[in-house]
Amino acid sequence: LTIGNIYFYKLFDYSTGWKAFLKVIEKFPDSFEAKKADTLLKETDQTLKEIKQEQDYILKYRREKAVEFKKAGRYVDQSQLYSVFGEQVAQAYINIARNWLSLRNYPFAVKAYKELVEELPMEKFVVADSLYQIGVLYQDSGDYERAVEAYDNLFKKAPESGRRDEGVYRQAVCYEAIREFTSAYEGYKTYMSLGTDKEFYRQAEQKVRQMEYDGDGDGYQFYKEQEAGTSDEDANSYPGTKKTA
């Protein structure tokens, strides 16, 4: 069962993982593990079928409209590719991403959201949400540097997005995770400036207070000491001196 899980949720190799789960069912038919594997295979089979259906739907309308426009001698760009079906195709991409997420397949979910952004730039609302979701997925999978880039992409391409404010806070968290403390501090400060009614205002305020603390009274705030790798408990250790062990 463990081997099957590795193939399914780490390597995203469903074919090999499927065989591993089947072996469990064949060799230990009455076991709890076999029942669990059987349920998992049925659920995964249904999810993969739904993904395939949504993919086929997208291809159907992409091809039909492309052929139609080309026959009419028209140039085909993304804004025309799906014509009146843009909203439905966007939903298909979202369904694909969500189904991949149910399988814990973050890379394929990110890929679906990225394709939506590229294929349907005119669907402003769903594009903005997709840009945000890409950042969240990178962040949740521990790829903080890509998450930072994804949130920057959200701010650049959809500055008026309703997800922007949360993106600011999340990006600050990512900066802190990769030890870019000055950027994290600035991000938390920016988030606080958006208003005390924001969902994560108290968390951001607490972070700012921690980062602004000067424990050893050497004039360097905690976040500056962190970034320099010096100690905030030793006044002789501060940015510009040798890093402490």
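Student: Is Leu103 buried or exposed in this structure?
Tutor: This is a predicted model, and the relative accessible area of Leu103 in it is 4%. The cut-off for burial is under 20%. Leu103 is therefore buried.

Student: What is the phi of Arg104?
Tutor: Arg104 lies in the loop between α5 and α6. With a relative accessible area of 46%, Arg104 is partly exposed. Most residues other than glycine have a negative phi. Arg104 is not a glycine, yet its phi is positive, near 60°.

Student: Where does Phe12 lie?
Tutor: Phe12 is a residue other than glycine with a positive phi, near 55°. To find it, look between two helices, α1 (2–9) and α2 (14–27). Phe12 lies in the loop between α1 and α2.

Student: How many Å apart in space are Glu54 and Asn95, C-alpha to C-alpha?
Tutor: Glu54 has its place in helix α3 (residues 32–71). Not counting residues up to four places away in sequence, Glu54 touches Ala92, Asn95 and Ile96. Glu54 and Asn95 are 41 residues apart in sequence, and their C-alpha separation is 7.4 Å.

Student: Which residues have the most contacts inside the largest nonpolar core?
Tutor: That core has 61 residues. Its largest share, nine residues, comes from helix α7 (residues 124–140). The residues with the most contacts inside the core are Tyr82, Leu116 and Tyr188.

Student: Which residues is Leu116 in contact with, leaving aside its neighbours within four places in sequence?
Tutor: Leu116 is one of the residues with the most contacts inside the largest nonpolar core. With its sequence neighbours left aside, Leu116 is in contact with Ala90, Tyr93, Ile94, Val126, Val127 and Ser130.

Student: Is α9 roughly parallel or roughly antiparallel to α10?
Tutor: Helix α9 (residues 164–177) and helix α10 (residues 181–193) pack at an angle of about 155°, with their axes 8 Å apart. Angles over 145 degrees count as roughly antiparallel. So α9 is, relative to α10, roughly antiparallel.

Student: How many nonpolar, polar and charged residues does the contact of α9 with α10 have?
Tutor: The crossing of these two helices, α9 and α10, is left-handed. Residues that meet there include Val168, Tyr169 and Ala172 in α9, and Ala184, Gly187 and Tyr188 in α10. By class, the contact of α9 with α10 has nine nonpolar, three polar and two charged residues.

Student: How many charged residues does the contact of α10 with α11 have?
Tutor: α10 passes α11 in a left-handed crossing. Among the residues that meet are Tyr188 and Lys189 in α10, and Glu205 and Lys207 in α11. By class, the contact of α10 with α11 has 10 nonpolar residues and no polar ones, and its charged residues number four.

Definitions and conventions
Residues numbered from 1 in each chain as written. Predicted model: local features only at pLDDT ≥ 70, side-chain atom pairs only at ≥ 80, totals over all residues. Heavy atoms only, no water. Axes fitted to C-alpha atoms, helices over the stretch in contact; angles between N-to-C directions. Helix = DSSP H or I, 4+ residues; strand = E, 2+ residues; numbered from the N terminus. Parallel < 35°, antiparallel > 145°, perpendicular 65-115°, else oblique. Left-handed = near helix turned anticlockwise from the far one by under 90°. Contact = heavy atoms within 4.5 Å. Nonpolar A, V, L, I, M, F, W, Y, C, P; charged D, E, K, R; others polar. Core = buried A, V, L, I, M, F, W, Y, C linked by side-chain atoms within 4.5 Å. Buried < 20%, exposed > 50% of the residue type's maximum accessible area, 1.4 Å probe, protein only.
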